[in-house]
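Hi everyone, thanks for coming. I'd like to walk you through one structure today, so please have a look at the sequence and the picture first.

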Amino acid sequence: MRTLTALLLALLAPILAGAAHTVTVSAGKFDRADTIVTFTLPPGLNPNAAYGLVREGDVIPVQLLSKESGAFVLKSLKAGESRTFSLEVVPFATRPPIPTDVTAREDDTNVTLKVGDKTVFRYNGKPTPLPNGYDASLKRGGYLFPVLTPSGRVVADDYPPMHKHHHGIWFAWTATQFEDRKPDFWNMGQKKGTVEFVKLVSQFSGPVAGGLRTTHRYVDLSAKDGPRPVLNETWDVTAWGVGQGDKPYFVFDFVATHTTATDQPLKLPKYHYGGIGFRGHRDWNAKRPDAYTALTSEGNDRKTANESTARWCHMGGKVEGESVGLAILDHPSNFRHPTPLRVHPSEPFMCVVPQVAGDFSIEPGKPYVAKYRIVVSDREADAKLLDRLWNDYGNPVEVTVK
């Protein structure tokens, strides 16, 4: 592989000799490994060219996420150390696929994300088919399912019999007040509110990341004069080409942005669940103590995690006889970070729920933004790994471009 890289660099010698920019990465206080790095691009880059960071015969792919932002994966860097690269045009577009390439495949309003040849999740846009016997009010789209581990095991559930309104990874508000009514966008069977798919805006693929942008609408069904739009919701979901070593894991980022659809706020009284939710595998539904486990960054478990605050929370159990699990990492910019949790004591369900700490509201002209990093793996909770991944997320490396 190094011989091939050296040959490519030799062919590109005239370009490399005139390098215009350097990129310096500083680890800060933490050891870094397989670290997702985003940075501000220098002006004047060609949006149709492929770029890489070049240093001592190695080339790291750089993906242009927008006109202003780029991303790459830093394999390792010790705490307190820095490393400088040249930012160069390189022929990544002509190389064969590798296990960390990320692809988004669109099918109507659905998008499947893959790292290499392994499926990470599917986004379902239009409402999905209901199981037999379910009321039509429960039909919903706009969520992630299936969500898979690197071995291909499904870690989530959809339309579970005990909570028919739960869907893999989804987002909804529960106890709310809009005008003089109290719509519920979570418990859709009450027919007071719903979340509708609006539009799949875009999807993208690349050597570092792949993802999608989609929009939804929160609709109040309790008004006497008919359905009323309340919130507009945008999801940006990005899967990253990391974690494909000896003990692989998937990482994807989830950003939900809410804006009011009218000149009225949506009030969110204190309540014990709502927000981003995860429904664990159906095999974990048994109420026995070992059916599933929970662990938070603060050391709380299934018995003590509920309504605690944490930087991350992991939920896991056995699927097909093997350990699997999913963790939600809370971004430090989130409202009320570290945000309170709802961890159900007898069913495999958790959500990150800021209204546990008290009332708040989403006001006109003031978008509500919630950011999470999701980690899915074929293992029990690994606190050391999750702490490292949260440090990369919450305390990112410093990047200087010259």
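Let me start with a question: is Cys 313 buried or exposed? Cys 313 counts as buried, at 1% relative accessibility. By buried I mean under 20% relative accessible area, while exposed is over 50% and partly exposed is in between, with a 1.4 Å probe and protein chains only.

Before I go on, a word on where this comes from. This is a predicted model, in which local features need pLDDT of at least 70 and side-chain atom pairs count only at pLDDT 80 or more, while totals for chains, interfaces and linings use all residues. Residues are numbered from 1 along each chain as its sequence is written, and side-chain values use heavy atoms, with hydrogens and water left out.

Back to the cysteines. A disulfide here is a pair of cysteine sulfur atoms within 2.5 Å, and the count comes to 0 disulfides. Cys 313 is in none, and its nearest cysteine sulfur belongs to Cys 351, 10 Å away.

Now to the strands. Strands (E, at least two residues) and helices (H or I, at least four) are DSSP runs, numbered from the N terminus. Two strands pair if DSSP finds at least two bridges between them. In an open sheet, 7 strands follow the order β2-β5-β4-β3-β6-β1-β25, with antiparallel pairing. At the edges are β2 (32-40) and β25 (398-401), each pairing on one side only. Inside this sheet, β3 (residues 51-55) and β6 (residues 82-89) are antiparallel partners over 4 bridges. There, Gly 52 stands opposite Glu 88 in β6.

Glu 56 is not a glycine, yet its phi is positive, about 50°. Most residues other than glycine have a negative phi, and most peptide bonds are trans. Glu 56 is exposed, with a relative accessible area of 64%. Lys 191 also has a positive phi, near 60°, and is found in the loop between β11 (169-172) and β12. Lys 191 is partly exposed, at 47% relative accessibility.

And which peptide bonds are cis? One joins Phe 145 and Pro 146, with omega about 0°, and Pro 146 sits in strand β10 (residues 143-147). Another runs from His 337 to Pro 338, with omega near -10°; Pro 338 is in the loop between β20 (322-330) and β21 (341-343).

Last stop, the second largest pocket. A pocket is found on a 1 Å grid over the protein atoms alone, as an open set of points where a 1.4 Å probe fits, with protein on both sides within 12 Å along at least five of seven lines; lining residues have an atom within 4 Å of a point. The second largest pocket is lined by 27 residues, with Thr 38, Leu 65, Trp 240, Asp 253 and Arg 373 nearest its centre.
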